[in-house]
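Trainee: May we go through this structure together? I would like to begin with the ligand and then turn to a sheet.

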Amino acid sequence: MEAAGVIYLDANATTPLLPEVLDAMLPWLRDGFANPSGAYAGAKLARKAIDTARGQVADLLGADPEEIIFTGGGTESVNTALWSLHRLAGEGAVVVSAIEHSAVLRYVETLGREVRLAPVDAGGRVILEKFSELLDGAAFASVMAANNETGVIQPLAELVRLSKEKGVPFHSDAIQAVGKTGASLTAIGADMLSISAHKFHGPKGVGALWIRKGLRFTPLISGGGQESGRRSGTENVPGIVGMGAASVAMKRSTEDGMLGRVREIRNAFEAAVLAEVQGVTPNGARDHRLPNTCHLSFEGCEAAGLLILLDDAGVACSAGSACMTGKQKPSHVQLAMGIPEELAKSSLRISFSLLSTMEDAMTAAEALKKAVEKLRRVQGLGVGPVQVYTP
Ligand SMILES: Cc1ncc(COP(=O)(O)O)c(C=O)c1O
């Protein structure tokens, strides 16, 4: 459990439930336990709640509700999309970017196909000409909409256009982008998009896959035929209802300026750190970043040590990505961007959410300044690398 009073700045790892999301879910955890496939009144109510949520998610994505299936989370959505493309596409390689999340990178390794990694530039964006070359003879492609570590938004419309030109089906892991950009991700013409509720103030363990109408599809999980036979298994009704409520909140946040507020807070935090701390490099193409993400390298400071000092000061953030935390390995994303290994090990990801406040951001900037000063003093005395383990 997150300790009371902690300043939580790790929203790209996960976000807290919005109060309205919790309120929407509670009745389905308490009394609304019926199996939605039943023939009685309670079951029909559960079915109706799922349909409502499907409409809410579709609305956030600018999609038709029939194009949405619910899954057990982002990783499952990604695996499902890639499995279907793999089974239905002809022979050929799979093209993915070098900076994908492990949900993509590890899964494509299991398919027995050639995996081609599209390189990124120093700003962390996929290089279009290289991507285009890799598409020759490819069976399908998958590129994320925005990177989880750097927050860098990918040139998705161009990537989709290039794939279409070469007749290569295209999936995007939109798990970090959805709700954070205000752009309609379905309008750009991809074939499938994966999303995950816990990245936008919904519950964990529930996600969705958008499957473009008319696209041939084969399920990863077969059984009772739920989700129109596209994802079997008794539906997670509270989770799905929560994802629907979170979708409504995220759509509203792009319309009522809350997303702009998140950007202001991130920018103020970054400006304060850059003004107060020497030897800091902001990473990622500045004009193409999610509004909530800040990725900074601190010369001469191991990220693991900074995390310990920040944790002591009551600030929770991340080194690179959550999955890299605790491993003394530089992240593949930073290495792909050409960031030197030492600097890559000295990077923090600070990510804000709709619940972040300016006051917290300023307190965290001050704590970070002190942590960097302290670590540089200590490491200057010849103390070796700090080990940290996060399960
Ligand atoms: C870009 C990206 N893809 C996939 C995932 C996996 O999503 P989930 O945690 O819902 O399985 C994450 C979460 O860390 C992510 O950031």
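Trainee: How do the residues of the shell around the ligand divide into nonpolar, polar and charged?

Mentor: In this predicted model, the shell around the ligand has nine polar residues, four nonpolar ones and one charged one.

Trainee: Which residues come nearest to the ligand?

Mentor: Among the 14 residues around the ligand, those that come nearest are Gly74, Thr75, His101, Asn148 and Ser196.

Trainee: And which element gives the largest share of that shell?

Mentor: Helix α3, residues 74-88, does, with three residues.

Trainee: Turning to the sheet, in what order do the three strands stand?

Mentor: The order is β9-β10-β12, in an open sheet with antiparallel pairing. β9 and β12 each have a single partner strand and stand at the edges, so one side of each lacks a neighbour in the sheet. From one strand to the next, the twist averages 30 degrees.

Trainee: What packs on the sheet?

Mentor: Helix α8, residues 258-276, packs there and touches β9, β10 and β12. The direction of α8 makes about 15 degrees with that of β10.

Trainee: How many bridges join β9 to β10?

Mentor: Three bridges join strand β9, residues 280-282, to β10, and the two run antiparallel. Pro282 is found opposite Leu296 of β10.

Trainee: And over how many bridges do β10 and β12 pair?

Mentor: β10 pairs with strand β12, residues 347-351, over five bridges, also in the antiparallel sense. Thr293 has Ser351 of β12 as its bridge partner, while His295 is partnered by Arg349 in β12.

Trainee: How many residues of β10 are buried?

Mentor: Six of the six residues in β10, which spans residues 293-298, are buried, and the strand is described as mostly covered.

Trainee: Which residues lie on each side of it, then?

Mentor: In a regular strand, side chains alternate between the two faces of the sheet. In β10, Thr293, His295 and Ser297 are on one side, and Cys294, Leu296 and Phe298 are on the other. Both faces are covered, and these residues are all buried.

Trainee: A change of topic: where does Pro340 lie?

Mentor: Pro340 is in the loop between α10 (332-336) and α11 (341-344).

Trainee: Why does Pro340 count as exposed?

Mentor: Pro340 counts as exposed because it has 12 C-beta neighbours inside 10 Å, and the cut-off for exposed is 12 or fewer.

Trainee: What separates Pro340 from Pro330?

Mentor: Their C-alpha atoms are separated by 9.1 Å, and the two prolines are 10 residues apart along the chain.

Notes
Residues numbered from 1 in each chain as written. Predicted model: local features only at pLDDT ≥ 70, side-chain atom pairs only at ≥ 80, totals over all residues. Near = placed C-beta within 6 Å. Helix = DSSP H or I, 4+ residues; strand = E, 2+ residues; numbered from the N terminus. Nonpolar A, V, L, I, M, F, W, Y, C, P; charged D, E, K, R; others polar. Buried ≥ 20, exposed ≤ 12 C-beta atoms within 10 Å, placed from the backbone. Pairing = 2+ DSSP bridges. Axes fitted to C-alpha atoms, helices over the stretch in contact; angles between N-to-C directions. Contact = placed C-beta atoms within 7 Å.
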